[in-house]
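Q: I would like to go through this structure step by step. Could we begin with how its helices pack?
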Amino acid sequence: MRRLPYADPGTPPLTSAPAYLWWVARGQAGLLLANAVTGIGSAVAMAALPYVLGRLVDGGLDDGLSRELWLGSLALLAVGVVLVVCNVVGHRLEVQNWIGASFRTSQLVGHHVSRTGDAVTAELPTGEVVATVASDSLRVGEVYFITARFVGGLVAYVVVAFLLLDSSVTLGVAVLVGLPAVAAVLALIVRPLQRRQRAQREASGRLTTLGADTVSGLRILRGIGGEDAFATRYRAQSQQVRAQGVRVAQTQSLLDAMQALLPGLFLAAVVWFGARLALDGEITPGQLVTFYGYAAFLTEPLQAATQFVQSMSRALIGVRKILRVLRVPVTGADPELLLDAAPPTGGGDLVDTRSGLVVAAGSVVALVSAEPDETARLATRLGLLGAENLEHADDIRLGGVPLSTLGLAQVRRRVVVAESTPQLFTGVLRDELDVRGSAVADALARALETADAADVLDSLPGGLDGEVAEKGRSLSGGQRQRVALARALLTEPEVLVLVEPTSAVDAHTEARIAERLVRLRKGRTTVVVTASPLVLDRVDEVVLVHDGRVVARGTHRGLLDGATTEALAYRAVVSRAAADDVPAARAPLGSGHAVDEGPGSTDRADTTESTIDEEASRATARR
Amino acid sequence: MRLPVADSTALRAHTGLLLRRHRSALGRVLVLHTLAAAAGLAGPWLLGRMVDAVADGTTAGFVDRAVGVLVLAVLTQTVLIRYAQRGAMVLGETVFAELREAFLATVTRLPLSVVERAGTGDLVARTTNDIDRVAHTVRFGVPRVLVTTATITLTLVAAFVISWQVALGLLVGVPLLLATTRWYLRRAAAGYLRESAAYARLNGTITESVEGSRTVDALGLGPRRRERVDADLREAFAAERYTLWLRSVLFPGVDLSFVLPVIGTVVWGAYLVSTGTATVGAVTTIALYALQVMHPIGELIFWLDEIQVGATSLARIIGVDAVQPDRETRADARPRDEHVVAQGVRYAYREGHDVLHGVDLDLRVGERLAVVGPSGAGKSTLGRMLAGIHPPTGGTVAVGDVPLVDLPLEDLRGHVALVTQEHHVFVGTLEQNLRLAKPGADDDELRRALRAVDAEWVEELPEGLATTVGSGGWALSPAQAQQVALARLVLLDPHTLVLDEATSLLDPRAARHLERSLSAVLEGRTVVAIAHRLHTAHDADRVAVVDAGRITEIGPHDELVAAGGDYADLWRSWQRD
């Protein structure tokens, strides 16, 4: 059995859905072929069972344990063994075909989204991208799963047709034409059923949403009331789903009944016709038994054919969605494109010609603005991060060289931008921190200390070797931010750009981080977007940005004490952050100047939850 | 903290209770299915009779009559199946509706402390994934198990009635069938759960890659993300390979145990025919039964498998029933005044690991107290104690001399409320969202509450208060959502508020705008504000510094600064002038 995943999933054609399916099929042609052989084997063996049984009824049964009976029984056993072997080998092959195709598709999508940057989210919502792996790739697999059975069924159908026609032309034709007719009638009844099922699925989807919504807001519900109203709403929707279910039951039970009625009547007709033939001596009683067996058996290839058509149409729809993901262009920033492993010797000022920003080589500079978004935008532009910044590659120069001439992979290596809402990923903490895989233990410890993140080691079972949960959920908001900061520091880039790195931590911690951060990055170009006096007071230079231009620069103290209009503007921004200039009304409590941490309220719920865990683990750690 | 999961005894008891409650419907369905299965046996039986009759030389009249009986049997079976299936499906829907409604009723009544500590992730998973899994089992599984069981039982009974001697030949496959099925079922559920866990992990990885695509790009994490996808696929492959191996044992075992009875019946039947104990027709009938029973047995095994998986989900659903109440409330508890006092409050999330070490705090009515201190010092825990969410492990928190945890939840909400970073807009109209806090409020009252928090945007909504909001409805910005939460507080009107970094997760501009809304809500109430920004502390009447589970300093800002302690150091570094 071939081990998956593939070392390289290959490059599929992105032209059309059928072309994609054909490309996948070519990749596993051998498996498909072998599977078709077993499919034919199984189907023919299944068809042979009634035949052998019929032969036995004709000769052998009457004479007790005769030689003929033993031979017939051995034949039956042989057919049985062929059936058993073909079934199990066939099943192994069909599963391999299925996972081969679906894993290849998942791998292609999974690999592609790691190269597209945020362009992929502009093309499709996250949920739909995940759905291409969670369901569409499985649908693609199903086509290859069912193929062998379909082919086997077709062959068996033809074989049986010849056997039947050989015994009796009329009966043969009746069976071969009658069964597809029965299948067609059944297919017609399925339509209204599918409609009702869809209605129930939708109602039931709404119910699930309602339940999930209620439970997501449960803390609020329990805190301020309204539980009964919600339980009542849920009950009403639940009863609606039940009513829809009863409607489905009406149609479904009718279909089930039809599935008994139509083949049943067909069978009765075959038996009647066959018995008449047997009476006239045209066929033997054994052949009558064989006909009966065939009429029952032939429903299987019909089912396989219907399934094949259905899964093919589902797969085509799925592939179209997959292709939308795969067609999103790559950024070209992936480290695999880094031709020259050793970056050219660093040094040189970082200059943005549009804003007039000049960051002297080796200095630690803070960017301040009345509009935090503005400085954040400028900061990401410095590293050409995100689809919106790619057009500015000519405006940014590092050591006099425009970034456009460096290539994006090289830019990423030399300029690292850590945004204010960085994401943590599932994995062992040590690996998640050391993303370039080059840090020594010493550097790890130093980065953690600088980000004041040592407490994370206590709260995570296993410390550095502990597992960070999905999106860092097991950590509190503050911990996540500090881990992300340590991670950015560990890349040790020539230029480090940090956007609001301490917005979610308390003042005690922020003061510590500010001091250590400046010490660690001493002599290496660093840009920090912040409005916190605790940080501003530590950096080499502060730059005030207004309307996209640099309007003032100097030290924090210098600007605070200055008398120019720019200095006044600076004081207004910074003092609002520190709020020493209280408005006439008493400033409200509990408000802070921090950035949103996560996309949904569930994240927030987890934040609070993990704060508790954090406290609990601290209590443990102290003992 | 994890929510409980029911053990197998509780699971059996619960299932038993459910079945007993619906025993008449269940009985009806069983009888109908048994009759339907009986009618389905007519085909092979009549064919056997005809084989004998044709051999003996019979008339066309006999054949016509026999086929007439067959047609009658098919028609009867059709009608029976129709009603049996409908009954079974309606029963499944009813039982399942009961199950999910009871679950949600229990969930919405969970003790406050459990909800706060367990978080909502696990509960959401139970409400969605587990309910869906049980749905599949109950809707499709239960009816199919009834049908297949009835069919199998009846086929065997019929075979024995026709000729018990010949029918003995059927049993040749039973030991093999039982052995392989048992072997398989013992391993299958774990195998399939491992599979779905592996796929869930893969989906999680893709979600992370897409949601964090900017971070992936910024830090050059592409190669790692690809490795991760490959690792998840490797695990999924290993899981698939395991279940494939299970089926590679099961399928031949089951297939063989289907073929053996056919051969067994024929050989054994031939012997019996030769001794005159059985007719060729009887042997034919029973051999056809052996072929016919293959399908239901295969289906039954398939469903046993699914039912095992469904049972693990059911255990998680009914497990919620086992949560014990966290307090015993006294209905007659009447606080004398609005004075909140904490005395010697201790709290431990895990026994022996106190997070709070005996905190005393006397809140002055109408004051604003800021609580500051490093992360993990116990600030949030103290906030929860003051809001009456968790009963303290030691000491008391009382309002007007009545311990908070003695108050029924409905009363407690009118006294103290906890406001966190979390804000949730429920799917529904805006007025529904607001009336949670005060079911009897009229539209004017709702509008006044919204105006109080500066939420003028309500007037611009397409349908005003009746606009549907929440996921799928009109999208409110985070700041607007927070204003809705604040308006709820105005309607709830508690005299004391505990704010746990209530707006700290909003972006700076939204936070500034919200400051005004928040001041309106705080007016005239006692406020405890847990904060990580110092200007909050500066503006408060008093500041409490919490460190390592104790209040180390408390007093007005100016006094603390003058006292020259930790707080003063911090303030100076913040201030720097």
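Q: At roughly what angle do the axes of helix α3 and helix α5 of chain A cross?
A: This is a predicted model. In it, the axes of helix α3 (residues 67–112) and helix α5 (residues 126–167) of chain A cross at roughly 150 degrees and come within 8 Å.

Q: What is their relative direction, roughly parallel or roughly antiparallel?
A: Angles over 145 degrees count as roughly antiparallel, and α3(A) and α5(A) are therefore roughly antiparallel to each other.

Q: And the handedness of the crossing, left or right?
A: The crossing of α3(A) past α5(A) is right-handed.

Q: Which residues meet there?
A: From α3(A), the residues include A:Gly90, A:Leu93, A:Trp98, A:Ala101 and A:Val109. On the side of α5(A), A:Val133, A:Leu138, A:Gly141, A:Tyr144 and A:Phe145 are among them. By class, this contact of α3(A) with α5(A) has 11 nonpolar, 9 polar and 2 charged residues.

Q: Turning to the two chains, how many residues of each are in contact?
A: The contact involves 160 residues of chain B and 167 residues of chain A.

Q: Which element of chain B gives the most?
A: Helix α10 (residues 222–275) of chain B does, with 29 residues on the side that touches chain A. That side of chain B divides into 78 nonpolar, 47 polar and 35 charged residues.

Q: One more topic: is helix α13 of chain B mostly covered or mostly open?
A: Helix α13 (residues 379–386) of chain B is mostly covered, with 8 of its 8 residues buried. The buried residues include B:Lys379 and B:Arg384 as well as B:Leu382 and B:Met385.

Technical notes: Residues are numbered from 1 along each chain as its sequence is written. Chains are lettered from A and ligands numbered from 1 in the order in which they are written. This is a predicted model: local features need pLDDT of at least 70, side-chain atom pairs count only at pLDDT 80 or more; totals for chains, interfaces and linings use all residues. Axes are lines fitted to C-alpha atoms, for helices over the stretch in contact, and angles run from 0 to 180 degrees between N-to-C directions. Helices (H or I, at least four residues) and strands (E, at least two) are DSSP runs, numbered from the N terminus. Angles under 35 degrees count as roughly parallel, over 145 as roughly antiparallel, 65 to 115 as roughly perpendicular and the rest as oblique. A crossing is left-handed if the near helix is turned anticlockwise from the far one by less than a right angle, and right-handed if clockwise. Two residues are in contact if their C-beta atoms, placed from the backbone, lie within 7 Å. Ala, Val, Leu, Ile, Met, Phe, Trp, Tyr, Cys and Pro count as nonpolar, Asp, Glu, Lys and Arg as charged, and the others, Gly among them, as polar. A residue is buried if 20 or more other C-beta atoms lie within 10 Å of its own, exposed if 12 or fewer, and partly exposed in between; C-beta atoms are placed from the backbone.
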